[in-house]
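Subject: Structure for you to look through

Hello,

Here is the structure we talked about. Please open it next to this message and follow along.

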Amino acid sequence: MNDDHDHPHHPEHHLPSSYHEKLTAAVLELLAEKNVLSAAQITESIAIMDARGPELGAKVVARAWSDPAFKQRLLADGSAACRELGIDVGGLKLAVVENTPDAHNVIVCTLCSCYPKMLLGIPPAWYKSKAYRSRTAREPRKVLAEFGLSVPDRVTVRVHDSTADMRYLVLPMRPSGTDGWSEESLAQLVSRDAMIGVARAKEPAAV
Amino acid sequence: MSPRFRAGDRVRVRDWFPPGHVRTPYYVRGKQGAIERVCGVFNNPEHLAYDHDDDPKTLYRVRFLQRDVWGSAERPDDTIDIEIYEHWLENL
């Protein structure tokens with residue numbers, strides 16, 4: 001394998017490149033060459049982003065389940081509430097939507113793949129797929145059923161198409177049988193999928 | 001800049017097809033919904049995409065009934081919320 005380039009790259013670059021892959025590689029090289037960003041800084045940023053998971057999102061949800069006043073602040077201004085917990089959300093404008101016995105929320109970005117990466121990490125491949133993006137807008141209940149989540153007819157489904165500047169997080173319902181649980185234990189029940197809205201929070205027996 | 005619409009106002013999305021970078025999905029153009037909330041003021045992405053941060057616009061979350069968007073829906077009360085900039089919205 002010819003691997004002697006001095007810029008960050010992925011193995012895919014050894015395959016025939018599309019226009020946009022070439023453009024990306026050219027911009028990366030220019031940024032490094034003009035000392036805007038070093039190759040090491042780019043690599044480090046990729047590593048930080050790759051290492052991010054849904055733990056911060058789960059922490060926010062667990063706090064909201066434990067503290068009703070925090071929950072109200074979270075629903076009013078998601079970014080401000082996250083900063084309260086010491087979470088660096090950067091320029092993220094976060095909107096939190098609450099699941100209730102009457103309404104189930106699910107997030108999609110039909111135009112691209114907007115996602116609250118600061119809280120959930122890198123989006124799963126299916127979130128970026130054309131099938132999820134087009135079908136969730138048109139037949140959300142069918143899509144949710146394929147994830148194993150059946151929403152009763154009496155519960156309204158609210159789809160949120162994340163098309164512009166806000167990023168969305170679902171606040172799942174707190175499972176019963178968790179009275180008196182610590183925030184750390186509650187966070188174990190909160191999966192990435194529950195915060196996208198394609199699953200419920202885990203039952204206590206599952207952890 | 002003060003928002004032209006308030007939560008609860010009925011609105012229609014312009015049936016408009018300008019060229020260039022646009023963040024209003026095709027499927028909602030010409031459809032009727034209601035303002036769910038005012039999200040704040042953001043730079044218009046239609047300008048920002050070309051490196052011009054000269055056009056602040058109020059952004060709204062607009063709630064549509066699925067059946068008003070698609071003509072039918074899995075359940076009559078199911079909704080879809082979409083973020084839409086003020087210049088895309090008309091009074092009803």
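Below are some notes on the model, one topic at a time.

This is a predicted model, in which local features need pLDDT of at least 70, side-chain atom pairs count only at pLDDT 80 or more, and totals for chains, interfaces and linings use all residues. Residues are numbered from 1 along each chain as its sequence is written, while chains are lettered from A and ligands numbered from 1 in the order in which they are written.

A:Glu33 belongs to helix 1 (residues 19–33) of chain A. Helices (H or I, at least four residues) and strands (E, at least two) are DSSP runs, numbered from the N terminus. A:Glu33 counts as exposed because it has 10 C-beta neighbours inside 10 Å. The rule is that a residue is buried if 20 or more other C-beta atoms lie within 10 Å of its own, exposed if 12 or fewer, and partly exposed in between, with C-beta atoms placed from the backbone. From A:Glu33 to A:Met195 the C-alpha distance is 40 Å, and the two are 162 residues apart in sequence.

The core

The largest nonpolar core has 61 residues, and A:Val61, A:Leu169, A:Val170, A:Val190, A:Met195 and B:Ile84 touch the most other members. Helix 3 (residues 55–66) of chain A gives the most to this core, namely seven residues. A nonpolar core here is a set of buried Ala, Val, Leu, Ile, Met, Phe, Trp, Tyr and Cys residues joined through C-beta atoms within 7 Å.

Is A:Leu169 buried or exposed? A:Leu169 counts as buried, because it has 26 C-beta neighbours inside 10 Å. A:Leu169 sits in strand 4 (residues 166–171) of chain A. Leaving out residues up to four places away in sequence, A:Leu169 touches several residues, including A:Gly57, A:Leu94 and A:Met195; a contact means C-beta atoms, placed from the backbone, within 7 Å. A:Val190, with neighbours within four places in sequence left aside, has contacts that include A:Val61 and A:Met195.

Helix 8 of chain A

In helix 8 (residues 130–138) of chain A, the residues A:Tyr132, A:Thr136 and A:Ala137 are buried. They are on the same side of the helix because they cover an arc of only 115° around the axis, the arc being that of the directions from the helix axis to the C-beta atoms. Exposed A:Lys130 and A:Ala131 are on the face turned away from that buried side. Among the elements that the buried residues of helix 8 pack against are strand 3 (156–161) of chain A and strand 4 (79–85) of chain B.

Where the chains meet

How many residues of chain A are in contact with chain B? There are 18, and they are in contact with 17 residues of chain B. Strand 3 of chain A brings the largest share of the chain A side, six residues. Strand 3 of chain A also pairs with strand 4 of chain B in the parallel sense over four bridges; two strands pair if DSSP finds at least two bridges between them. One of the bridge partners is B:Thr79, for A:Arg158.

Within chain B, strand 4 runs antiparallel to strand 3, and seven bridges join them. There, B:Tyr60 stands opposite B:Ile84.

Regards

Note on methods. Two residues are in contact if their C-beta atoms, placed from the backbone, lie within 7 Å.
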